[in-house]
Amino acid sequence: MFVAMAALLSGCASLTSQEENDPLEFVNRGVYKFNQKADEYVLEPVAKGYQYVTPDIVDQSITNFFSNLDDVVVFVNDILQLKFNQALSDGGRVLVNTTVGVLGFVDMATDMGMPKNNEDFGQTLGAYGVGTGPYVVLPILGSSTLRDTLGIYADTFVDPIQQIDDSDARWATMVLKGVDTRADLIRAKKIADQAALDPYEFERSAHFQRRNYLIYDGNPPLDDEDIFDDE
């Protein structure tokens, strides 16, 4: 759910008529409906309440803090993909934002010429030619594939949040991150609701195209239909 809405927010997912790899569609649609109800009755109301009581500057600071933690995962996957120049930039982001940026609550690195990047182990596998596998809808998390689900698990080994020893503190941090992320996606959810007659197909297509876009760093190869359209 969060992943699919992030795809909409990023603005890099355009729909095509390509057939997606979804052999588990019947099961996926059931999980999708569960996620929609969970969002309608729990996640969205909590996110709106959080957004209502949290000043904008505090909300942005919390978003920056979690973004800084995520940059650790990005840095590790830069190295695994042999993107050493990008790794220097992303490692610099962590160093600058953790120190000068007060534990990441202030994003100083972007203004210093170190832009935010997006890398994870799912992308790393894709960069080395591992196929997506079937499309799956995960409870709460939403759109994924078999490859990306394995990637989510692998990233937990370097995710700073997952390294918190105290289980209560770890879960509280994860919940805060989830609420903050959902609050940032309130507008994107409205777009998804109005974008297509079948939101499930829309989110599935958005997910596949966004992941393809990220794996190829914004320059995915053209498929046959795109080549035909260009001609």
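Burial is expressed here through relative accessible area: buried means under 20%, exposed over 50%, and partly exposed in between, computed with a 1.4 Å probe on protein chains only. The model is predicted, so local features require pLDDT of at least 70 and side-chain atom pairs count only at pLDDT 80 or more, while totals for chains, interfaces and linings use all residues. Residues are numbered from 1 along each chain as its sequence is written, and side-chain values use heavy atoms, with hydrogens and water left out.

## Overall organisation

Along the sequence the elements follow the order α-α-α-α-α-β-β-α-α-α-α-α. Of the 231 residues in the protein, 40% are buried. Contact, meaning heavy atoms within 4.5 Å, also has a sequence dimension: among contacts between residues at least 6 apart in sequence, 72% join residues at least 24 apart.

## Packing of α2 against α9

Helix α2 (residues 25-53) packs with helix α9 (residues 199-215) at an angle of about 100 degrees, and their axes are 11 Å apart. This angle makes α2 roughly perpendicular to α9. Axes are lines fitted to C-alpha atoms, for helices over the stretch in contact, and angles run from 0 to 180 degrees between N-to-C directions. Angles under 35 degrees count as roughly parallel, over 145 as roughly antiparallel, 65 to 115 as roughly perpendicular and the rest as oblique.

On the α2 side, Glu25, Asn28, Arg29, Tyr32 and Gln36 take part, and they meet Pro199, Tyr200, Glu201, Glu203 and Arg204 of α9. By class, this contact has three nonpolar, two polar and five charged residues. In that scheme Ala, Val, Leu, Ile, Met, Phe, Trp, Tyr, Cys and Pro count as nonpolar, Asp, Glu, Lys and Arg as charged, and the others, Gly among them, as polar.

## Salt bridges

The whole structure holds 18 salt bridges, each defined by a side-chain nitrogen of Lys or Arg within 4 Å of a carboxyl oxygen of Asp or Glu.

| Pair | N to O distance |
|---|---|
| Glutamate 44 and lysine 48 | 3.7 Å |
| Lysine 83 and glutamate 119 | 2.8 Å |
| Arginine 211 and aspartate 120 | 2.8 Å |

Glutamate 44 and lysine 48 both lie in helix α2, four residues apart, which is about one turn of the helix. Glutamate 44 is buried at a relative accessible area of 16%, whereas lysine 48 is partly exposed at 40%.

Lysine 83 belongs to the loop between α3 (56-80) and α4 (84-99), and glutamate 119 to the loop between α4 and α5 (121-127), so their pairing ties together parts that are 36 residues apart in sequence. Lysine 83 counts as buried at 18% relative accessibility, and glutamate 119 counts as buried at 4%.

Arginine 211 and aspartate 120 are both buried. Their pair links distant parts of the chain, with arginine 211 in helix α9 and aspartate 120 in the loop between α4 and α5, 91 residues apart. Elsewhere, salt bridges with shared partners join Asp22, Glu25, Arg29, Asp198, Glu201 and Arg204 into one network.

## Aromatic pairs

Six aromatic pairs are present. Rings of Phe, Tyr and Trp (its six-membered ring) pair if their centres lie within 6.5 Å; planes under 30 degrees apart count as stacked, over 60 as edge-to-face and the rest as tilted. Phenylalanine 65 and phenylalanine 105 are stacked, at 4.9 Å centre to centre and 15 degrees between the planes. Phenylalanine 65 lies in helix α3 and phenylalanine 105 in the loop between α4 and α5, so the pair ties together parts that are 40 residues apart in sequence. Phenylalanine 105 counts as partly exposed, at 31% relative accessibility.

The rings of tyrosine 153 and phenylalanine 157 have centres 5.3 Å apart and planes at 85 degrees, so this pair is edge-to-face. Both tyrosine 153 and phenylalanine 157 are exposed. One aromatic cluster is formed by Tyr32, Tyr135, Tyr200 and Phe208.

Aspartate 59 lies in helix α3 and is buried, with a relative accessible area of 10%. Leaving aside neighbours within four places in sequence, aspartate 59 is in contact with Tyr50, Thr54, Asp180 and Asp184.

Aspartate 90, in helix α4, counts as buried at 0% relative accessibility. Not counting residues up to four places away in sequence, aspartate 90 touches Val74, Phe75, Asp78, Pro115 and Asn117. Aspartate 90 and methionine 114 are 24 residues apart in sequence, with a C-alpha to C-alpha distance of 7.0 Å.

Note on methods:
Helix = DSSP H or I, 4+ residues; strand = E, 2+ residues; numbered from the N terminus.
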